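Subject: Structure for you to look at

Hello,

I am passing on the structure we spoke of. Please look it over first; my notes follow below.

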Amino acid sequence: MAAAAPRHVAAGGAAPRSLCGGACGRMEPAALERFASPGKGSGLRSRRRVRPGELLYRAEPFAYVVTKEQLGGVCERCLRRNEHLHRCSQCKVAKYCGKSCQKEAWLDHKQECRCLKSVEPNFPPDSVRLAGRIVFKLFRQSVCLSERLYSFSDLQSNTEQLSEEMKDGLRHLAQTLQLYLKTEIQDVSHLPPVIDFFQIFTKLTISYIESLMTTSERQKQLIRQYCFECDCLLCQNQEKDAEKLAGEEHAWKEVKDAVNEVRYPKSKKEWEQVLARCQNLLSSNMGRLPDTNIYQLKMLDCAMDACINLESWEEALYYGSRTLGPYRLYYPGFHPLRAVQLMRVGKLQYSQDMFPQALETLKQAYNIMKVTHGTDHSLMQALVEIKEQCEAIMRIQ
């Protein structure tokens, strides 16, 4: 799960990706309204003119889980990365920053905890664990502030648009969910009508489609995940598709396969293996693939992550610097991903005593992040702190 904070919907901004179902939180009802988009479902829109960066909506998901890939690396409550997490003494699965986060998470974890213990040594798929949390929340009839606009039952299921193959897959997940919840819910006939195991799986989403893909791939994913065809200008014009697949086809296909094979490493040895693979491919494709090729760019990101985790700061900066041009091309204007990347590169420049360059990079990150994240976001506060440290060093040099 990539999200590390409550979801924001702001003018000119975007929210972190998360595996979640629904949302709840604070909002300004007068500023937002529901609307129907023919062929695309329902949505929210502003009822007045807004300024870039103005916060329109802030919410925590109705339900969320940490993906299996990230399990044990981030707190199950606040989602912050932490090397010294404390695990639940009962299920031995959920991990937290400390007692405060564990206490806040207990209402959502209490019944889930017994279910996780009951299926040991097996572990449920992410979607099953998430669906379980939703079932428990619906069963408790928990009230969320955002349900004044949309309730979980208002979400569109698109069941009738699914292929038989997809329906078979969902039926299998529904059966798995029933077995997973058996410890807590012995007889599903006792559940309220709103809790339909099959329908719940049609309402789970991974927020946002990755824009770093070709138009055809993006369209396929939108159809598969959201059951609608997008007709925005980006899709109509197939903008930047040529740059995304620039270079020798056989070379980027090899890199694409390698990127798809990477799983989040959990040890130094695994990171070293990932870095060695990245180094070999990036070296062999020098002059054959430009950094604007989306698979080359993902490989550079992967190499940068590996170097950071291995504390090879100079090499991490080398790979990170190569990503800034493509990020500017694919994430123009106020885009949170570009802001975060600029911040990461700026911190690496700072670590290498490149203070003038670091300050310029951090200023660029700041100008974007104050719009996309807002001044009270923890990431923004961390950015301001290192930017001020850099400015202080520049003043005494």
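How many of the 16 residues of H10 are buried? The count is 12, and H10 is therefore mostly covered, buried being under 20% relative accessible area. Please keep in mind that this is a predicted model.

Helix H10

H10 runs over residues 294-309. From its first C-alpha to its last it reaches 23 Å, close to the 22 Å expected for 16 residues at 1.5 Å a residue. The buried residues of H10 are Ile294, Tyr295, Gln296, Leu297, Met299, Leu300, Asp301, Cys302, Ala303, Met304, Ala306 and Cys307.

At the start, a side-chain oxygen of Asn293 comes to within 2.9 Å of the backbone nitrogen of Tyr295. Just after the helix, Glu311 has a positive phi of about 60°.

H10 against H11

Two packed helices are described by the angle between their axes and the distance between the axes. For H10 and H11 (residues 313-330), the angle is about 145° and the axes are 8 Å apart. Their crossing is left-handed. On the H10 side, the contact is made by Ile294, Gln296, Leu297, Leu300, Asp301, Ala303, Met304, Cys307 and Ile308. H11 contributes Trp313, Glu315, Ala316, Tyr319, Gly320, Arg322, Thr323, Pro326, Tyr327 and Tyr330. By type, the residues of this contact comprise 13 nonpolar, three polar and three charged.

Thr215 is itself buried, with a relative accessible area of 5%. Apart from neighbours within four places in sequence, Thr215 is in contact with Leu234, Cys235, Gln238 and Asp241.

Thr361 sits in helix H13 (residues 355-372). Is Thr361 buried or exposed? Its relative accessible area is 6%, so Thr361 counts as buried. A polar atom of the Thr361 side chain lies 2.9 Å from the backbone oxygen of Gln357. With neighbours within four places in sequence left aside, the contacts of Thr361 are Leu342, Val345, Gly346 and Gln349.

Regards

Definitions and conventions
Residues are numbered from 1 along each chain as its sequence is written. This is a predicted model: local features need pLDDT of at least 70, side-chain atom pairs count only at pLDDT 80 or more; totals for chains, interfaces and linings use all residues. Side-chain values use heavy atoms; hydrogens and water are left out. Axes are lines fitted to C-alpha atoms, for helices over the stretch in contact, and angles run from 0 to 180 degrees between N-to-C directions. Helices (H or I, at least four residues) and strands (E, at least two) are DSSP runs, numbered from the N terminus. A crossing is left-handed if the near helix is turned anticlockwise from the far one by less than a right angle, and right-handed if clockwise. Contact means heavy atoms within 4.5 Å. Ala, Val, Leu, Ile, Met, Phe, Trp, Tyr, Cys and Pro count as nonpolar, Asp, Glu, Lys and Arg as charged, and the others, Gly among them, as polar. The expected span of a helix is 1.5 Å times one less than its number of residues. Buried means under 20% relative accessible area, exposed over 50%, partly exposed in between (1.4 Å probe, protein chains only). A polar contact is a pair of N or O atoms within 3.5 Å; within protein, one must be able to donate a hydrogen and the other to accept it, and residues adjacent in sequence count only if both atoms are side-chain atoms.
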